[in-house]
Amino acid sequence: MKKLEQREWAFIDDIVYYIYNNDDFIDERKTFLSFINQLIPNNFSVFHLSDRSGEHLLCDPVIFVPGEKNGATFEQIETIYRYIEKYEEEDFGKWIMLVGKRDVYREMDLIDDNDIRATGYFNDTYATFNVKYSMQIISAYNKEFQGAIVLGRSKEDGDFSDKELYMMEIINKHLSLKLYKLSHRSPSDGNVYTHLDEKIYEMAEDSMLTKRETEVVFKVVKESMTNEEICSDLCITAHTLNKHLSNIYMKCGVNSRVALIQKALS
């Protein structure tokens, strides 16, 4: 584990608090990127969301360039949209998004410098922002790709350190959960998520529960439903529910409903 200074932990805590307690997080991503820039200095950053339409992997980018009054110039914004239209397919990190894996990495650790230089996005997108080095942040939860952030630095400023990757890994775990909850929110849900919600989602990810199994856990732990009520609410048979519960108990290392609730609340 990389040793962080107290001020760095404090800054990370502030960013995580911002993630969970900002009702307009999607619309305030530029502010989030400005906070990241203070913790991990960069020349440019972009925050994409997952394209649910299936047309592309990425959509709705938000760009932050330190010193730019509006976050980015018109030319820079055009460049990012051109990346989505023309260069997304040749991005070497595409497979990580496709498999729904949460990851943080330096692009130079994934592919050779010469291979990067041969890409269209290096000669167009990166060139527009004077970027040579990049940190790629892939947000995913429950094997679902949620979004991607790119932090860029010039040749003069050098590549990102192991410590900076570690700090971003901590933040990305919370960011992935937030984006997942927002993407699965129904119109009646509002924007309020409880501490119990977070505990259940974290337990579900740590235990590698499926989406359906996670739904069952919510019914058991948060809504205190009986088996009959769960079957009715999820439109499943008692036999199917028992199979779900058996898998949940095994994955979570418990042997009863009471033990499952205690684990979620601990």
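**Exercise 1.** Which residues line the second largest cavity?

*Solution.* Note at the outset that this is a predicted model.
- Step 1. Gather the lining: Tyr-20, Tyr-141, Lys-173, His-174, Leu-177, Glu-202 and Glu-205.
- Step 2. Sort the lining by class. It has 3 nonpolar, 1 polar and 3 charged residues.
- Step 3. Assign elements. H8 and helix H9 (195-206) each supply at least two lining residues. H8 gives the most, with 3 residues.

**Exercise 2.** Find how many cavities of 30 Å³ or more the model has, and describe the largest cavity.

*Solution.* 
- Step 1. Rolling a probe the size of a water molecule over the atoms shows where empty space is left.
- Step 2. Count. There are 2 cavities of 30 Å³ or more.
- Step 3. Take the largest cavity. Its space comes to about 160 Å³.
- Step 4. Look at its lining of 16 residues. Nearest the centre lie His-48, Tyr-83, Asp-91, Tyr-126 and Val-150.
- Step 5. Sort by class: 11 nonpolar, 3 polar and 2 charged residues.
- Step 6. Trace the sources. E1, helix H3 (74-87), helix H7 (120-128), strand E4 (133-141) and E5 each supply at least two residues of this lining.

**Exercise 3.** Which residues of helix H2 are buried, and what covers them?

*Solution.* 
- Step 1. Locate H2 at residues 29-39.
- Step 2. Pick out residues under 20% relative accessible area. In H2 these are Arg-29, Phe-32, Leu-33, Ser-34, Ile-36, Asn-37 and Leu-39.
- Step 3. Recall the helix geometry. An α-helix has 3.6 residues a turn, so residues three or four places apart point the same way.
- Step 4. Find the cover. It includes helix H1 (6-21), strand E1 (44-50), strand E2 (58-64), strand E5 (144-153) and helix H8 (162-183).

**Exercise 4.** Describe the largest nonpolar core, then follow the contacts of Ile-171.

*Solution.* 
- Step 1. Size the core: 58 residues.
- Step 2. Name those with the most contacts inside it. They are Phe-32, Phe-47, Met-135, Ile-171 and Leu-260.
- Step 3. Ask which element gives the largest share. H8 does, with 10 residues.
- Step 4. Follow Ile-171. Leaving out residues up to four places away in sequence, Ile-171 touches Ile-12, Ile-15, Ile-19, Phe-32, Ile-36 and Leu-39.
- Step 5. Look beyond this core. A second, separate core has 25 residues, including Phe-44, Val-46, Val-131 and Val-150. Val-150 also lies among the residues nearest the centre of the largest cavity.

Key
Residues numbered from 1 in each chain as written. Predicted model: local features only at pLDDT ≥ 70, side-chain atom pairs only at ≥ 80, totals over all residues. Heavy atoms only, no water. Buried < 20%, exposed > 50% of the residue type's maximum accessible area, 1.4 Å probe, protein only. Helix = DSSP H or I, 4+ residues; strand = E, 2+ residues; numbered from the N terminus. Contact = heavy atoms within 4.5 Å. 1 Å grid on protein atoms, 1.4 Å probe; cavity = no way out; pocket = protein on both sides within 12 Å on 5 of 7 lines; lining within 4 Å. Points joined across faces, edges and corners; volume = space filled by probe spheres on them. Nonpolar A, V, L, I, M, F, W, Y, C, P; charged D, E, K, R; others polar. Core = buried A, V, L, I, M, F, W, Y, C linked by side-chain atoms within 4.5 Å.
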